[in-house]
Amino acid sequence: MLLRHIRYFLAVAEHRNFTRAAEALHVSQPTLSQQIRQLEDALRTQLLDRSGRNVQLTDAGAAWMRYAKLALQDLDAGVRAIHDVGELSRGNLRLAVTPTFTAYLVGPAIDRFYSQHPGIAIDIQEITQDQIEAQLADDRLDAGIAFESSHSAEIDSEPLFRETLSLVVGGGHARAKRRKPLSAQDFANERLVLLNKAFATRRYIDEYCSRNQIRPQVAIEVSSISAIVEIVRRGQLATVLPDGVARGHTELHPVLLDPPLPARTAVLLQRKDAYRTAATKAFVQVLRELTENFQR
């Protein structure tokens with residue numbers, strides 16, 4: 001059995017079609033079919049059902065696919081280890097964050113890391129926490145920054161700092177100069193622009209409203225913190241943002257709530273027992289140093 005046999009099998013399993021799999025692999029269909037036959041002969045079992053319109057996994061194929069994926073993950077990690085360089089003159093960092101961190105944490109962290117290691121290629125995604133954990137488990141990320149929650153057994157979580165949130169308005173909003181905390185009932189009367197329900201921050205806000213038996217007036221839902229900032233600073237809608245975001249924009253004005261939104265813990269997420277590249281280790285060190293200042 002060869003490495004290409006595993007890659008070819010997983011491609012056919014993904015595309016459910018030999019022609020599309022061959023195109024994705026840049027090989028001919030006869031070559032692909034021959035390689036799959038060799039794999040089935042080596043394993044002494046049929047992995048694919050070719051009788052229908054689409055190729056389907058047999059029971060044996062479905063069982064073997066899980067181990068084939070794990071084997072390929074480990075082999076790919078081995079390739080990265082071979083090409084990894086201890087002095088960080090080159091390498092790759094695959095990072096994902098939930099949207100709120102893009103607005104006030106990612107910029108300083110990446111600036112500090114890149115100034116120290118300009119030879120590292122960095123790929124950053126802004127996605128939901130569920131997507132971060134799924135991609136970590138599939139070894140498609142080196143690290144993620146999200147929030148403390150119930151993580152799967154495959155994920156390691158390291159606390160970074162405590163994040164506080166407030167109601168935030170623009171300079172032209174009637175509550176921009178308010179110093180007295182706003183009650184939960186008055187908060188319920190504010191028209192809001194919030195992240196949509198796919199994001200942890202939105203679920204956090206909804207839980208606060210549920211605990212205080214109020215229903216938020218959500219006028220607009222978006223999937224971007226930058227969009228929220230632009231809408232709020234220019235108009236009459238309010239939002240709920242981390243205090244770190246509000247501090248970074250002079251046009252935004254935080255308004256205290258009574259009771260306040262509970263603080264939440266920002267965490268570093270990594271796949272348990274995964275190979276840690278030199279670039280990943282260096283970035284984690286930068287992140288720890290930076291977030292130490294958030295606690296002071």
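Reader: Leaving aside its neighbours within four places in sequence, which residues is Asn17 in contact with?
Author: The model is a predicted one. Asn17 sits in the loop between helix 1 (3-15) and helix 2 (18-25). Once neighbours within four places in sequence are set aside, the contacts of Asn17 are Val12 and Val55.

Reader: Does Asn17 count as buried or exposed?
Author: The relative accessibility of Asn17 is 18%. The cut-off for buried is under 20%, so Asn17, at 18%, counts as buried.

Reader: Which residues of helix 3 make the contact with helix 1?
Author: The crossing of these two helices, helix 1 and helix 3, is left-handed. From helix 1, the contact is made by Arg4, His5, Tyr8, Phe9 and Val12. From helix 3, the residues are Leu32, Gln35, Ile36, Gln38 and Leu39.

Reader: How many residues in the contact of helix 1 with helix 3 are nonpolar?
Author: Phe9 and Val12 of helix 1 are among the residues of this contact, as are Leu32 and Ile36 of helix 3. By class, the contact has one charged residue and three polar ones, and the nonpolar residues number six.

Reader: Which residues does Gln35 contact, leaving aside its neighbours within four places in sequence?
Author: Gln35 lies in helix 3. Its relative accessibility is 7%, so Gln35 counts as buried. Apart from neighbours within four places in sequence, Gln35 is in contact with Arg4, His5 and Tyr8.

Reader: How is helix 1 oriented to helix 4?
Author: The axes of helix 1 and helix 4 (residues 59-83) come within 10 Å, with a crossing at roughly 125 degrees. This angle makes the orientation of helix 1 to helix 4 oblique.

Reader: Which residues of helix 4 make the contact with helix 1?
Author: Helix 1 passes helix 4 in a left-handed crossing. Helix 1 brings Leu3, Ile6, Arg7, Phe9, Leu10 and Ala13 to the contact. Helix 4 brings Gly61, Trp64, Met65, Ala68, Lys69, Leu72, Leu75 and Asp76.

Reader: How many charged residues does the contact of helix 1 with helix 4 have?
Author: Arg7 of helix 1 and Lys69 and Asp76 of helix 4 take part in this contact. The contact has 10 nonpolar residues and one polar residue, and its charged residues number three.

Reader: What is the handedness of the crossing of helix 5 and helix 11?
Author: The axes of helix 5 (residues 99-116) and helix 11 (residues 278-292) come within 10 Å and cross at roughly 125 degrees. The two helices, helix 5 and helix 11, are therefore oblique to each other. Their crossing is right-handed.

Reader: Which side chain does a polar contact of 2.7 Å join to that of Ser226?
Author: Ser226 is part of helix 9 (residues 225-234). At 51% relative accessibility, Ser226 counts as exposed. The polar contact of 2.7 Å joins its side chain to that of Ser224.

Conventions:
Residues are numbered from 1 along each chain as its sequence is written. This is a predicted model: local features need pLDDT of at least 70, side-chain atom pairs count only at pLDDT 80 or more; totals for chains, interfaces and linings use all residues. Side-chain values use heavy atoms; hydrogens and water are left out. Helices (H or I, at least four residues) and strands (E, at least two) are DSSP runs, numbered from the N terminus. Buried means under 20% relative accessible area, exposed over 50%, partly exposed in between (1.4 Å probe, protein chains only). Contact means heavy atoms within 4.5 Å. A crossing is left-handed if the near helix is turned anticlockwise from the far one by less than a right angle, and right-handed if clockwise. Ala, Val, Leu, Ile, Met, Phe, Trp, Tyr, Cys and Pro count as nonpolar, Asp, Glu, Lys and Arg as charged, and the others, Gly among them, as polar. A polar contact is a pair of N or O atoms within 3.5 Å; within protein, one must be able to donate a hydrogen and the other to accept it, and residues adjacent in sequence count only if both atoms are side-chain atoms. Axes are lines fitted to C-alpha atoms, for helices over the stretch in contact, and angles run from 0 to 180 degrees between N-to-C directions. Angles under 35 degrees count as roughly parallel, over 145 as roughly antiparallel, 65 to 115 as roughly perpendicular and the rest as oblique.
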